[in-house]
Amino acid sequence: VSLLGDATPVVDAVSTMLDGVFGHVRAVCDDLRACFDRCGDDAVTRRDLASLQPRLHAALGHSGGLLRGTGVVLAPARLMDARLWIDWWVIDREGIVHPTYFEFDERSLDYYDYTRAEWYLSPESGTLLSLVGPYVDFNGIDDYIVTATSPMLVDGQFVGVAGADLAVDEIERRLNAANRSFGVELVVTNASNRIVASMSARHVAGALLPAEANAQRFTVSGVPWAVVVLNQRSPG
């Protein structure tokens with residue numbers, strides 16, 4: 001049995017899923033760039049970000065449960081009326097889209113300094129397709145998610161990140177559907193060898209994947225994820 005042949009539907013499903021997510025993220029980056037072009041580099045306000053909301057709302061409503069949140073996160077002092085700002089929208093289990101709120105008053109116990117978050121630092125340092133997680137997002141939707149982000153550039157200057165939160169349970173549902181015809185035991189791992197999604201009764205998302213004999217790893221193009229096929233018989 002060809003291991004790659006067995007893993008190909010899942011590798012393809014992961015690639016297709018992420019292509020769609022990052023396609024949306026790039027479109028949000030383009031919308032924000034247009035906003036800066038209209039308003040001028042030093043004159044964008046929180047109200048101006050409303051021009052991005054139709055795309056954000058549509059993405060949440062048409063993702064089939066994959067996206068739990070999406071929006072933009074501005075670099076410090078890029079808005080005229082706020083030093084820090086997140087314009088982020090989430091969809092609840094009833095399908096209702098609503099904004100999330102964060103505390104940016106440094107005197108508050110709930111102050112949120114997102115500039116230290118990995119999903120912000122990675123695009124700021126030049127990573128075009130950043131994937132962070134899985135983790136529980138206590139600051140927003142209280143769900144098990146992966147955050148996808150890309151840098152937003154205006155005239156070559158970093159102005160923040162655009163991103164989306166992916167629901168881990170929906171990632172697993174989609175990949176299980178892709179794997180159904182083959183029934184291969186496999187997991188998807190990130191760069192730290194932590195399990196992003198599992199199609200194995202022995203492993204759960206979020207755990208580190210222990211070394212296994214005969215496991216084979218297939219990288220997902222463009223991102224630090226891999227599909228790992230477990231417990232395959234040696235050829236012959």
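How many aromatic pairs does the structure hold? I counted rings of Phe, Tyr and Trp (its six-membered ring) as paired if their centres lie within 6.5 Å, with planes under 30 degrees apart called stacked, over 60 edge-to-face and the rest tilted, and the structure holds eight aromatic pairs.

I noted that this is a predicted model, in which local features need pLDDT of at least 70 and side-chain atom pairs count only at pLDDT 80 or more, while totals for chains, interfaces and linings use all residues. Residues are numbered from 1 along each chain as its sequence is written, and side-chain values use heavy atoms, with hydrogens and water left out.

I looked up W85 and F104 and found ring centres 6.0 Å apart and planes at 55°, so this pair is tilted. W85 is in strand β2 (residues 85-91) and F104 in the loop between β3 (97-99) and α3 (118-124), 19 residues apart; helices (H or I, at least four residues) and strands (E, at least two) are DSSP runs, numbered from the N terminus.

I then checked accessibility, where buried means under 20% relative accessible area, exposed over 50%, and partly exposed in between (1.4 Å probe, protein chains only). W85 is partly exposed at 23%, whereas F104 is buried at 19%.

I recorded F102 and Y112 as a stacked pair, 5.3 Å centre to centre with 25° between the planes. F102 is partly exposed at 21%, and Y112 is buried at 16%.

Finally, I saw that ring pairs link W85, F102, F104, Y112, Y114, W119, Y120 and F158 into a cluster.
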